[in-house]
Amino acid sequence: MSNTGRSTVPLLAARDLVKAHGRTEALRGASVELRAGEILAVTGASGSGKSTLLHCLAGIVRPDTGSVTYGGERLDQLPEQRLSELRRTEFGVVFQFGQLIPELTALDNVALPLLLAGARRQEAQAKAGEWLERFGVRGQEELRPGEMSGGQAQRAALARALVTGPKIVFADEPTGALDSLASEQVMTALTHTARESGTAVLLITHDAQVAAYADREVRLADGAVTPLEVAA
Ligand SMILES: Nc1ncnc2c1ncn2[C@@H]1O[C@H](COP(=O)(O)OP(=O)(O)OP(=O)(O)O)[C@@H](O)[C@H]1O
């Protein structure tokens, strides 16, 4: 491990994760660590278990065996209520197709996590506007996701993932549906903002150009992390 001055105590650590979907063993003993503020790319072939790993790390799915530790808490053993509180307050997620709510404007989509956290409408909308601006989605606040380009919608989805000031953003192929220019804009916005706010990012991608934005890369093959893991 290199001595970069960054804390070496992992913020999130998975050990020996095993997870089957029916008869398919998606994870077969995967271990990975994410440090505070670090941008980690998880790469691997289609079907190697990347999304399943992300779901286990984000507390969306429980592993069959193995452990996931976040800030001293065993995520895999937490009651559902505490897990959903953590997901709401400390984690942000963004998927390949953004998953913005189609009926809401960009502004209301980004304001939503703040409203769920108890913010007043006016305050939530003002903050959402600032975050859309940070992600270069200017003048499109009142558009619905279907009226935006794929890149704009993804940047709005990133603003929504980051607006609550999470410790970790989980991004599953966030550029998977974009052309290379939009992809570059999304990755620049994500990595710039994450570095600025000290947010760690777990980034799943099959694209080497996207993985190059990360501080470090690990590769999944057949449900396990290969020894490629070295500090950048
Ligand atoms: N809900 C599910 N039900 C059944 N099998 C599943 C389910 N989710 C994943 N799998 C299987 O588990 C294995 C790992 O899937 P996973 O989506 O984690 O891989 P991945 O590396 O993210 O793939 P991709 O890059 O294609 O998205 C695959 O064989 C997949 O078909």
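In this predicted model, G44 stands opposite L220 of strand β9. The two residues belong to a parallel pair: β3 (residues 39-44) and β9 (residues 216-221) are joined by five bridges. Helix α5, residues 150-162, packs on the sheet and touches β6 and β7. The direction of α5 makes about 165° with that of β6.

The sheet in question is open and has six strands, in the order β6-β7-β8-β3-β9-β10, with mixed pairing. At its edges stand β6 and β10 (224-225); each has a single partner strand, so one side of each lacks a neighbour in the sheet. Strands of a sheet pair through backbone hydrogen bonds, and the pairing can be parallel or antiparallel.

Strand β7 pairs with two strands whose bridges can be followed here. Strand β6 (residues 91-94) runs parallel to β7 and is joined to it by four bridges; within this pair, V94 is opposite A171. The pairing of β7 with β8 (residues 200-204) is also parallel and spans five bridges, with F170 opposite L202. To get from β7 to β8 the chain passes through helix α6 (residues 180-197), and this β-α-β crossover is right-handed.

How enclosed is β7 (residues 168-172)? Five of its five residues are buried, so the strand is largely enclosed by the rest of the structure. In a regular strand, side chains alternate between the two faces of the sheet. In β7, I168, F170 and D172 point one way while V169 and A171 point the other way, and all are buried.

A second open sheet has four strands in the order β2-β1-β4-β5, and its pairing is antiparallel. Its edge strands are β2 and β5 (73-74), each of which pairs on one side only. Between β1 (residues 10-21) and β2 there are nine bridges in the antiparallel sense, and A14 of this pair lies opposite V32 in β2. Helix α1 packs on this sheet, where it touches β1, β2 and β4 (65-70), and its direction makes about 125° with that of β1.

Helix α1 is itself largely enclosed by the rest of the structure, because six of its eight residues are buried. The buried residues are K50, T52, L53, L54, C56 and L57. After the helix comes G59, which has a positive phi near 75°.

From L57, the C-alpha of S67 is 9.5 Å away in space, and the two residues are ten apart in sequence. S67 is placed in strand β4. Is S67 buried or partly exposed? It has 15 C-beta neighbours inside 10 Å, so S67 counts as partly exposed. Leaving aside residues up to four places away in sequence, S67 touches R15, R74 and D76.

The last stop is the ligand. Its shell consists of 13 residues, and the closest are H21, S46, K50, S51 and T52. Two elements give two or more residues to this shell, namely β2 (24-35) and α1 (50-57). Of the elements, α1 gives the most, with three residues. By class, the shell has eleven polar residues, one nonpolar and one charged.

Notes: Residues are numbered from 1 along each chain as its sequence is written. This is a predicted model: local features need pLDDT of at least 70, side-chain atom pairs count only at pLDDT 80 or more; totals for chains, interfaces and linings use all residues. A residue is near a molecule or strand if its C-beta atom, placed from the backbone, lies within 6 Å of it. Ala, Val, Leu, Ile, Met, Phe, Trp, Tyr, Cys and Pro count as nonpolar, Asp, Glu, Lys and Arg as charged, and the others, Gly among them, as polar. A residue is buried if 20 or more other C-beta atoms lie within 10 Å of its own, exposed if 12 or fewer, and partly exposed in between; C-beta atoms are placed from the backbone. Two strands pair if DSSP finds at least two bridges between them. A crossover is right-handed if, with the strands pointing away from the viewer, the path from the first strand over the helix to the second runs clockwise. Two residues are in contact if their C-beta atoms, placed from the backbone, lie within 7 Å. Axes are lines fitted to C-alpha atoms, for helices over the stretch in contact, and angles run from 0 to 180 degrees between N-to-C directions.
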